[in-house]
Amino acid sequence: MLTPVVDEDGAPFWEYAARGELRIQDCADCGELRFPPRPCCPHCQSFASEWRLMSGRGRIWSYVLPHPPLLPDYAAQAPYNAVIVELAEAPRIRLVGNVVAAPDAALDSVDPARLRIGAGVKVAFTEVDGVTVPRWLLERP
């Protein structure tokens, strides 16, 4: 499995994820959310930032079923999904992940026929190779 590379700007995101919280960086001056995390606000150029707690709800903005899986480690899990989730309270913020049947379930645990653009999802967290990653559960199982 691929695990995220944690850099200085994104470290708080992963620390909050390890606590089961989905937080997005926002500008402490103008209040604009930004993802991926970075040192300077692209709207007002401020270097002041905070981490806003999100509800963890969103909708599938887009998805793909890789055919064939391009990385050997993923071939055994095919067919799996890769989704882009638009956060409910921050429609311009989109996160990439997988829809699974349960936080620790395999990437192929959801029948691809159940995925729809616009389907409601909620975040769930699981540890992968020492890093807690967000995954997505369908709100209507």
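**Close-up views of strands and loops in a predicted model**

**View 1. The sheet that contains strands S1, S2 and S3.** Strand S1 (residues 23-27) and S2 run antiparallel and are joined by two bridges, where strands are DSSP runs (E, at least two residues) numbered from the N terminus, helices being runs of H or I with at least four residues, and two strands pair if DSSP finds at least two bridges between them. Asp-26 has Leu-33 in S2 as its bridge partner. The three strands form an open sheet in the order S2-S1-S3, with antiparallel pairing, and its edge strands, S2 (33-34) and S3 (49-53), each pair on one side only. This is a predicted model, in which local features need pLDDT of at least 70, side-chain atom pairs count only at pLDDT 80 or more, and totals for chains, interfaces and linings use all residues. Residues are numbered from 1 along each chain as its sequence is written, and side-chain values use heavy atoms, with hydrogens and water left out.

**View 2. The loop between S2 and S3, with Pro-36 and Gln-45.** The peptide bond from Phe-35 to Pro-36 is cis, with omega near 5 degrees. Gln-45, a residue other than glycine, has a positive phi near 65 degrees.

**View 3. The hairpin of S7 and S8.** Strand S7 (residues 120-128) pairs with S8 in the antiparallel sense over eight bridges, and Phe-125 stands opposite Pro-134 in S8. Two residues lie between the strands, and Asp-129 takes a positive phi near 50 degrees.
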